[in-house]
Every structure is written in C-alpha cells, then in structure tokens.
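Please keep the sequence and the coordinates open while reading.

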Amino acid sequence: MDRRVKYTKKIIRDTFLDLLQEKEINKITVSEICKNADINRATFYRYYIDVYDLLDKIELDFVEQLKQFELKEDTITVKAFSKEYLTVFLENKELVKILFSTKNNVFFLNEFLELVYSTCKKVWNKEMPDLSEEEIETAAVFIFNGALGVINYWVINDFNDSVEHISDTIGKLSYYGLRSYIYHK
C-alpha cells in the first residue's frame, strides 16, 4: 500500500477514534471526520462507505492483528493465552475502550471469541480427548463469558491492573472456579 494511502487512512482512523471518545457513533458525521482530518469527502468515500463501514474496517484490522499470534498448542494455558491478547489490548487501549463501549461491537466480540475458541478447542481436544463437542462448547461459553466480564471490568477501570494480574485471575477462575480462587490468592 502506498505511503500516502496509509497516512490518509491513519488520519481518518485516528480522527474517527478521537470523535468516538467524545460521542456515540450515530452522532458522528462524515463531514465532521473530514473537517477534523483536513481531508475532503471524496477522499473519505474512496476508502469507506460511511462511519459504520469505517468502524467495521477498524475492527477487522484489529482482529487480523490478534490473529497474527501463533501460540504453541503444547504450552498454552488460559493464563498464557490471556496474557498474549491482553498485552495487545493494552497496546491498543484507546481502540479497545471504544470497541468495548460501542453498542455495535458485536462483530469484534464474535470474531475475537471465534479466534479464542478455535485455539482452545484444539488444545482441549488434545489434552482431554474424551470431551464431547457439546462439553467443549459449554465449557468455552462459560469460560469466555467470564473472561470477557473480567476484561470488560479491566477496560472500564482504565486498565488499572497489570496484564499479569488480569491473565492470572482469568486463568485461576477458569481452571479452579471462584471458591478456589478466593481461598488460594
């Protein structure tokens, strides 16, 4: 991709993300993005259909960034897995805040959960071959929803705990449950 195109897309993206910190997506106009980014509307429309398309492409780019991780299946744990992704979340904290606070972030969450599920399923099938597909899916739903709750709490509280602490919490709760987590802190 041409450097000028990269720069222009970055300016549009950054301007849009700044606006999303101030107001909801349905209150942001293409004209406002263009004015703040100092570009014309034709430039915006060369790359995006509207603000929702822009958000979709930002989410897709972020999911693609997350997919770049190749965790070794033989050494993966929930804690290690969480730590890798939470590190990327922290490096992109402003975007993550927006993705977790945007009402229309279903795409991002679904893509992220699919990514996590496919990795976990491979590991669980290898470590526990007697588990049925239904048991794996049920465990995944339980763990992922809890982990997302912990991550969301971390994001809402402005990433106030370390990646190590949050990944450790997710790992302990996932493997040992609440009672064991409380008594073995």
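**Salt bridges, fold and surface**

Asp53 forms a salt bridge with Lys57, and their closest N and O atoms are 3.0 Å apart. The coordinates come from a predicted model. Both partners belong to helix H4, and because they are four residues apart there, about one helical turn separates them. Helix H4 covers residues 51-67 and includes Asp53. Asp53 counts as buried because its relative accessible area is 12%, under the 20% limit for that class. Lys57, at 34% relative accessibility, is partly exposed. Beyond its neighbours within four places in sequence, Asp53 is in contact with Tyr47 and Tyr48.

Side chains of opposite charge can pair when their charged atoms come close. How many salt bridges does a search of the whole structure find? The search finds nine. One of them joins the side chains of Glu164 and Lys83, at 2.7 Å from N to O. Glu164 lies in helix H9 and Lys83 in helix H5 (residues 78-91), so this pair ties together parts that are 81 residues apart in sequence. Glu164 is partly exposed, with a relative accessible area of 34%, and Lys83 is also partly exposed, with a value of 34%. Another salt bridge links the side chains of Arg4 and Asp2, at 3.2 Å from N to O. Here Arg4 is exposed at 63% relative accessibility, while Asp2 is partly exposed at 35%. Lys10, Arg13 and Asp14 are linked in a network of salt bridges.

The fold around these pairs can be described next. The secondary structure of the protein consists of nine helices and zero strands, which gives the pattern α-α-α-α-α-α-α-α-α along the sequence. Of its 185 residues, 38% count as buried. Among contacts between residues at least 6 apart in sequence, 59% join residues at least 24 apart. Leu99, in helix H6 (residues 93-101), illustrates separation in sequence against distance in space: Leu99 and Glu59 are 40 residues apart in sequence, and their C-alpha atoms are 7.7 Å apart. Leu99 counts as buried because its relative accessibility is 0%.

Most residues other than glycine have a negative phi, and most peptide bonds are trans. Asp38 is not a glycine, yet its phi is positive, about 60°. Asp38 sits in the loop between helix H2 (30-37) and helix H3 (41-47). Phe159, also not a glycine, has a positive phi of about 55°, and its place is the loop between H8 and helix H9 (163-183). Are these two residues buried or exposed? Asp38 is exposed, with a relative accessible area of 70%, whereas Phe159 is buried, with a value of 7%.

Which residues gather in a patch of negative charge on the surface? They are Asp130, Glu134, Glu135 and Glu137. Asp130 is located in the loop between helix H7 (106-127) and helix H8 (133-156). Its relative accessibility is 78%, so Asp130 counts as exposed.

How values were computed: Residues numbered from 1 in each chain as written. Predicted model: local features only at pLDDT ≥ 70, side-chain atom pairs only at ≥ 80, totals over all residues. Heavy atoms only, no water. Patch = residues over 30% accessible without salt bridge, like charges linked within 9 Å, V, L, I, M, F, W, Y side chains within 5 Å. Areas by Shrake-Rupley, 256 points an atom, 1.4 Å probe, with all protein chains shown as cover. Salt bridge = Lys/Arg side-chain N within 4 Å of Asp/Glu carboxyl O. Lys, Arg positive; Asp, Glu negative; His and termini not counted. Charge placed at Lys NZ, Arg CZ, Asp CG, Glu CD. Helix = DSSP H or I, 4+ residues; strand = E, 2+ residues; numbered from the N terminus. Buried < 20%, exposed > 50% of the residue type's maximum accessible area, 1.4 Å probe, protein only. Contact = heavy atoms within 4.5 Å.
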